[in-house]
Amino acid sequence: MFFIKKTILITLSCLFMQGALANTDVAWKYLVKSKGTVKYYPNVIKNLVKEDLYFASIPYIKELLTRGKSKSSKELDFLIDKVVTNVGVKQFEVLPTRFLKKSKAPVLKYILAKKYFRQGKYQKSLNALNGTIPKNHPAKPFALFLEGSIFSITKKYKSSLSAYDECIRSSNSSNSSVNFNRKRQLSINRDYCIVGKARSNFAAGKFEQANLDYLDLSKSSHIWPEILFEEAWNSFYMRDYNRTLGKLVTYKAPFISFIFNPEIDVLRSLTYMELCLWKDTLKVVDDFYDENESNHDKIKKFLRKHGKDYKYYYLLAKSRLNGKVRGNKLLNRMLSSITRDATFREMFDYFQTGKDELEIINRLPKSRMKRILKLNLKDALILQRNLVGAYVRKKLHLSWHQVRKTFADMSYIKLEVLSRRKESLYSPEKSMNRGRGDIRNLKRTDKQYFWTFNGEFWADELGDYVFSLKSECSGNAL
Amino acid sequence: MLFRNKIMKLLLLFVLLLGSVQLSADSTSRRNELIGVIDQELREVTRLNKQTRTSKPDLLLRMAELMLEKARLLKELENASYISLSAKKRQGTSKKKFFRKSNAYFIQAQKTCRLILRKFPKYKNRSEVYYILAYNAKEFQQDKKAKVYFTKSVKTSKKSSFTSTRSQIALAEIYFNRGDYKQAISLYERAFKKKTHRDKWFTKDSYNLAWSYFRVGRKTKAIKVMKNSYRLSKNRKYVDMTISIERDLAYFYTDSGKVSQAVQFYKSIGKNIATNLLKVSNYLINRGKFSQAEKTLKQALRYKVSEVEDIAVNIKLLSLYERFGKYKSHFRVSKILVNYHKQKKLNPEQVKVLDYQLRRVSAIVQKQVSGKQYKSQRKKIYSKAKTAVGFFNLLAQFDPLNDYKYSFLGGETYYAAGMFNTAMGQYSKSLSYAQKASNEKYIKLSNEGMMASLAGKGITKKTKDKYVEVVYLNYLKQNPKSKKSNKIYQRLFSIYFAKKDIASCERTLVSYKNNFPKSFLIQEAMLARIMDHYKKKGDHVSLRKWVDRIKSGEFKVSKKYAKKVKLTLLTMQFENVEKATSKGQKKEALALYVEIYKDPTSSLEAKKNAAYNIATLFHELGDTYRSYGWSERALSHMNGKNVKRFQASFLVIANELFNNQKFNESSKLYSLTLEKLCKQRSSNKTVFLKNAVIVSLAQNKIEDARQILNSAYRCNISTRVLDSMELELLKFYVENKNWSGANQQVAKLSKSKRSYKDLIYPLGKIRRAFLASGRSSKAKSIESQILNFYKKVKNKRKMQLEALDVVASVNLNRLERKIDSLTKFELAFPDKKFNVLLKKKFTKLDSITTAAIGLMKVGSGKGMMRSYSRLIFSYEHLIKEVSNFTPPGKSPEYINSFKKSMGNLVKPLQAKVRDFRKEALKQMKMNKILSKDNKSILFGDKFVAKYILNNNGVLMDRGGRR
């Protein structure tokens with residue numbers, strides 16, 4: 001029996017090999033048949049995709065898009081969508097707009113819209129999406145999110161809300177028949193759309209509604225930790241300062257301590273300021289400067305030193321993923337945050353799966369096709385690696401600027417506090433230094449202020465902490 | 001109960017004090033805290049500025065604002081500590097250094113503002129930048145600059161902005177301070193339009209505006225604004241200006257002639273009218289509006305409600321009257337205040353003021369009395385004097401401890417006014433007060449005042465008789481040795497003398513002598529008056545008593561007077577002797593003189609006179625021996641001047657002694673007289689010296705002569721005479737063959753150029769003596785000494801012939817040596833050698849001729865003749881040698897020819913010999929020269945002359961001794 005089973009397995013694998021050989025051979029035949037044109041490239045791509053050689057097929061897709069005259073077909077669109085699902089949109093976003101514009105393929109339209117969006121050309125982005133992606137097209141949920149975002153930015157909150165609603169529905173309905181990657185993408189897309197709704201309401205000044213919308217986001221969501229900060233802001237606008245502080249203190253929990261967002265401290269100090277807790281405000285400011293000022297300078301030098309060495313950034317992120325921690329604490333926090341970022345993870349994972357294609361090609365008999373495929377794969381993978389590196393670099397730059405801006409914000413906050421203190425010194429009757437006023441507030445412990453979470457953390461409580469600080473502002477002063 | 005109240009008051013005071021200390025400490029700590037906060041802000045802004053790379057003007061502006069703010073606070077702190085320094089320490093402190101911290105921040109703020117304007121010329125908030133610059137300029141007292149910047153700030157700011165308002169106010173304040181009220185009003189009005197911009201200083205700015213209105217004459221408006229500011233001052237939101245307004249509003253009312261409204265105003269606010277009118281008057285005084293101030297004060301007196309107010313108002317009036325010179329009103333008010341003072345109702349400050357005022361006004365009025373202003377208005381002066389004394393009397397009441405001082409000042413004032421009789425009474429009062437207070441100074445001063453008044457014009461006899469003796473005696477008691485006392489003694493002496501009270505005169509003299517021991521002239525004058533008194537009275541005993549006191553040295557009198565006194569006594573002593581002398585009773589006279597001389601009580605003068613008179617009497621009687629003895633005695637008593645007076649007598653006596661061969665006595669008297677005359681100017685000194693030396697030498701007493709001559713060197717006798725005496729001594733040595741003594745004498749005399757010509761002859765003698773004794777080396781040195789002296793004698797004609805002979809004889813030796821060198825070699829052949837030798841002979845002859853001529857020039861007759869003689873010898877020697885020479889081994893023809901040519905050669909020589917003889921003869925005759933060589937010149941070897949002494953006679957020496 002065992003023997004029979006073994007024979008079957010060998011036969012099956014032979015069959016597979018023969019099949020593979022057949023597909024790559026067919027692809028080769030079409031390639032030869034093309035004679036320098038792209039006429040048979042869809043066939044080539046089709047055969048390569050059949051063999052799960054997605055990265056290897058990218059050069060042909062790109063060449064087809066750049067050189068091809070046809071407005072593309074359903075079949076090609078399907079192929080591209082399949083490839084995008086396995087390699088991500090980034091590989092195609094790098095293509096010039098004019099080539100993307102040529103295609104009528106919904107996926108490419110989505111990519112084009114995204115590109116416009118990134119460039120701040122919201123109307124063009126909307127135009128690219130408008131009626132180009134069918135309702136059941138796999139790219140639809142993503143396109144809807146993009147659409148909602150554009151409406152939100154352009155302050156068309158109503159439209160944005162309906163776009164997000166549709167996005168949530170679309171993302172949920174597309175779940176059943178897709179692969180794991182796509183499932184994850186759709187899940188994140190849905191969450192972002194939920195948050196998008198909250199953001200639109202927040203932008204429209206509907207803080208109560210926004211608050212409810214934020215509650216729709218599951219705590220298990222991949223994006224929940226970063227969105228908690230937005231919730232805190234919303235509470236701040238709702239003047240629910242103790243809730244704001246409670247949400248912010250959650251970032252001290254080990255589970256989500258990887259989140260790097262300097263604005264958390266800005267919001268915390270602002271909240272303290274609103275509560276007229278000057279010393280606490282100044283402490284947050286001073287602590288922020290103490291912790292980050294010198295590291296921030298070092299990071300500047302670090303970024304300048306490595307310039308656009310994407311490979312380095314890729315390797316840096318990779319080493320961080322492997323658990324290697326560098327000396328600069330601030331950089332480490334930035335890297336931790338980046339490496340846990342959904343986009344990064346997706347790009348990084350694509351790159352890893354791209355490497356698997358190499359095994360498939362290696363198994364092919366020595367032929368010109370094999371050599372060409374290897375070259376194609378190499379190009380695509382290098383690009384992917386560089387895309388990952390560029391992403392890491394960009395994020396580091398962003399974070400660095402964010403810290404710089406935070407420094408300025410902190411300084412302004414401090415100046416504000418100082419000027420209020422000064423004002424009270426000039427007019428003693430309006431003294432700021434009124435003490436904490438209430439005996440309960442006097443009994444506050446540091447624990448309440450600076451939550452350590454050591455051994456007393458329950459995951460389901462995260463984000464639900466509420467402080468009980470009393471404002472120390474008198475009626476007429478602030 | 002009262003005690004409890006006191007405790008409460010003390011406690012309240014303590015709490016208040018504590019509060020103020022606490023307040024000051026609080027404000028300092030608050031400032032320090034503020035500076036701390038600003039420092040933090042500055043750090044933060046700097047950090048932000050760095051982060052944004054100085055690209056945000058807002059940050060720079062904030063920085064400038066903070067610096068300005070810090071500078072202001074620092075300045076407040078610096079000011080506080082500067083004020084707390086002692087005045088002395090403050091003077092020694094550099095202000096620049098003291099305020100350097102705040103200044104540094106002001107400058108930094110300014111720099112930052114300039115940077116903003118340079119880097120961001122279109123910066124939207126540049127009005128604020130200008131405001132800071134303006135504020136800084138104001139801080140550094142650069143008002144013009146401040147004005148420019150404030151104007152720019154106003155121009156660049158939005159009309160509705162706060163910066164615009166505050167710049168307008170600042171600008172208005174500049175105009176206000178400059179007195180440009182119209183501009184200030186316009187700016188204040190514009191600034192006040194924006195009600196929301198009103199800060200706590202609004203009351204103060206309104207106050208300035210009210211003043212501006214007032215200054216431009218808009219008084220009603222001014223009162224309105226001021227009232228509004230007063231109302232707002234009660235609101236805690238604004239700076240409290242009530243104190244200034246309460247004062248100034250009253251001023252506004254009073255200045256507008258609305259005193260009743262002012263009173264109404266104070267009533268309405270429940271304030272004390274008099275007190276506030278007093279404040280107004282203060283203000284008016286400060287503004288220089290004195291008459292209005294006076295009016296206001298008079299009003300205040302009307303509304304006074306307490307003695308305290310009465311005092312305060314009167315105190316103020318006091319200053320006003322003083323300023324106006326209303327001294328009568330001042331006196332009236334002073335009187336009131338002195339009464340209050342007596343009742344101890346004035347506070348220390350008021351006491352101080354009253355004290356100052358009384359002193360000042362009394363001093364002013366007193367000065368007016370003594371000044372030139374009213375000099376011609378006697379009545380006015382008298383009235384002023386009375387006013388001044390009135391003030392002094394008030395001062396005496398005000399300050400009774402010093403009443404003597406003020407009475408004295410009163411006396412002084414009357415004195416200055418020429419009211420001497422009244423002054424006397426005032427001084428007398430002052431004296432009694434001062435004696436009570438045992439104040440020596442014022443006792444003295446009062447006495448002096450009384451004394452001065454006594455000497456004043458118009459002093460009545462009654463007053464004088466009443467005070468004079470007592471005043472003098474008091475004065476002398478106080479000031480026995482003062483300059484003035486000197487005169488007082490004299491006056492007192494005169495008073496006593498006039499009363500013929502000689503005993504008091506004598507007491508006064510003794511007292512005067514004790515206190516003014518060196519005022520000899522006055523003592524002498526007093527003595528003279530006393531002695532004259534006794535002389536006139538013929539009271540010889542008393543006179544003798546006073547003479548003895550003078551003699552004993554108790555009284556020192558002038559030489560003249562002493563002489564006079566002595567003369568009086570001498571006259572008394574010699575009265576009888578003179579009578580005897582006049583009658584030719586010489587022996588009686590001698591006896592009386594001897595008696596006087598021997599009398600131990602006789603004065604030195606008397607003794608001197610007696611001895612001299614005795615000497616002359618004995619001289620007249622021909623008793624040379626006694627005459628010498630008494631002369632010696634008289635000389636022993638006499639000083640130089642006395643001897644000078646009687647020198648002729650002593651010379652006669654000494655000459656008489658010489659004539660009577662009493663050489664020793666004669667010589668001694670000469671030398672004694674010379675000794676006494678030594679330091680006197682007298683032509684006889686030379687005579688005494690010469691006589692003394694010559695007589696001593698004649699007696700072979702070289703040592704005495706030497707001693708006399710040596711002591712004569714200090715007697716200012718001419719060196720010529722002294723040298724001549726020294727030469728006498730030299731001659732004495734030479735004559736006595738004392739060669740060493742002679743040499744020493746030569747050495748002494750050789751120091752005087754004048755003596756050179758006189759030294760050569762004695763030196764010739766010495767030389768000869770040395771040559772004779774074979775000491776040629778010694779002789780040679782003397783020869784060179786002779787030639788040296790001869791060379792240095794300028795007028796050789798004045799030289800003795802013997803001296804010239806000596807010089808010639810010394811030179812002759814040289815001539816002889818030359819002649820020897822001519823004769824010591826002979827002519828010889830061959831012809832070449834002959835020629836050489838002949839030439840040599842001629843050269844030598846030439847040299848001899850030159851030397852002989854030189855010798856002749858010396859002027860010695862003997863030398864001259866010797867020269868001719870030796871010349872003739874030398875020429876003849878050569879003639880003879882040449883003529884007699886026959887060349888050996890030569891043919892006769894040769895010899896003839898040789899002889900012939902030689903004959904020709906000697907012919908001129910022969911002629912020369914003849915000439916020499918002629919010249920010598922001529923000189924012999926002309927100069928009457930008698931010399932040994934005359935014979936050889938005239939006769940050659942043909943005649944020998946010899947002089948034979950008759951009767952074996954001997955030559956006498958100078959002294960006539962054998």
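How many helices and how many strands does the secondary structure of chain B come to? The secondary structure of chain B comes to 44 helices and zero strands, where helices (H or I, at least four residues) and strands (E, at least two) are DSSP runs numbered from the N terminus. Chain A, for its part, has 22 helices and zero strands.

This is a predicted model, in which local features need pLDDT of at least 70 and side-chain atom pairs count only at pLDDT 80 or more, while totals for chains, interfaces and linings use all residues. Residues are numbered from 1 along each chain as its sequence is written, and chains are lettered from A and ligands numbered from 1 in the order in which they are written.

**Confidence**

The pLDDT, which is the predictor's confidence in each residue on a scale from 0 to 100, averages 83 over chain B, with 93% of the residues scoring at least 70. Among the elements of chain B, the lowest mean pLDDT, 64, belongs to helix H1 (residues 2–51) of chain B, and the highest, 92, to helix H10 (residues 202–215) of chain B. Over residues 1–23 of chain B the pLDDT is below 50, and this stretch has zero contacts in the model beyond near neighbours in sequence; two residues are in contact if their C-beta atoms, placed from the backbone, lie within 7 Å. For the complex, the predictor gives an ipTM of 0.72 and a pTM of 0.49.

**The two chains**

The table sets out the two chains; a residue is buried if 20 or more other C-beta atoms lie within 10 Å of its own, exposed if 12 or fewer, and partly exposed in between, with C-beta atoms placed from the backbone.

Where the chains meet, 10 residues of chain A are in contact with 11 residues of chain B. The side of chain A that touches chain B divides into five nonpolar, one polar and four charged residues, counting Ala, Val, Leu, Ile, Met, Phe, Trp, Tyr, Cys and Pro as nonpolar, Asp, Glu, Lys and Arg as charged, and the others, Gly among them, as polar.

**A helix pair in chain B**

Helix H25 (residues 502–515) of chain B packs with helix H26 (residues 520–537) of chain B at an angle of about 155 degrees, their axes being 10 Å apart. That angle makes H25(B) roughly antiparallel to H26(B). In this pair, residues of H25(B) including B:Ile502, B:Leu509 and B:Tyr512 meet residues of H26(B) including B:Met526, B:Leu527 and B:Ile530. The residues of this contact of H25(B) with H26(B) divide into seven nonpolar, two polar and two charged.

**Individual residues**

In chain A, A:Arg345 has its place in helix H19 (residues 342–363) of chain A, and A:Arg345 is partly exposed because 16 other C-beta atoms lie within 10 Å. The C-alpha atoms of A:Arg345 and A:Val388 are separated by 9.2 Å, although these residues are 43 residues apart along the chain.

In chain B, B:Lys344 is not a glycine and yet has a positive phi of about 60 degrees; B:Lys344 is found in the loop between helix H17 (327–342) and helix H18 (348–370) of chain B, and is exposed, with 7 other C-beta atoms within 10 Å. The peptide bond from B:Phe829 to B:Pro830 is cis, with omega near 5 degrees, and B:Pro830 lies in the loop between helix H40 (801–823) and helix H41 (831–857) of chain B.

Notes. Axes fitted to C-alpha atoms, helices over the stretch in contact; angles between N-to-C directions. Parallel < 35°, antiparallel > 145°, perpendicular 65-115°, else oblique.
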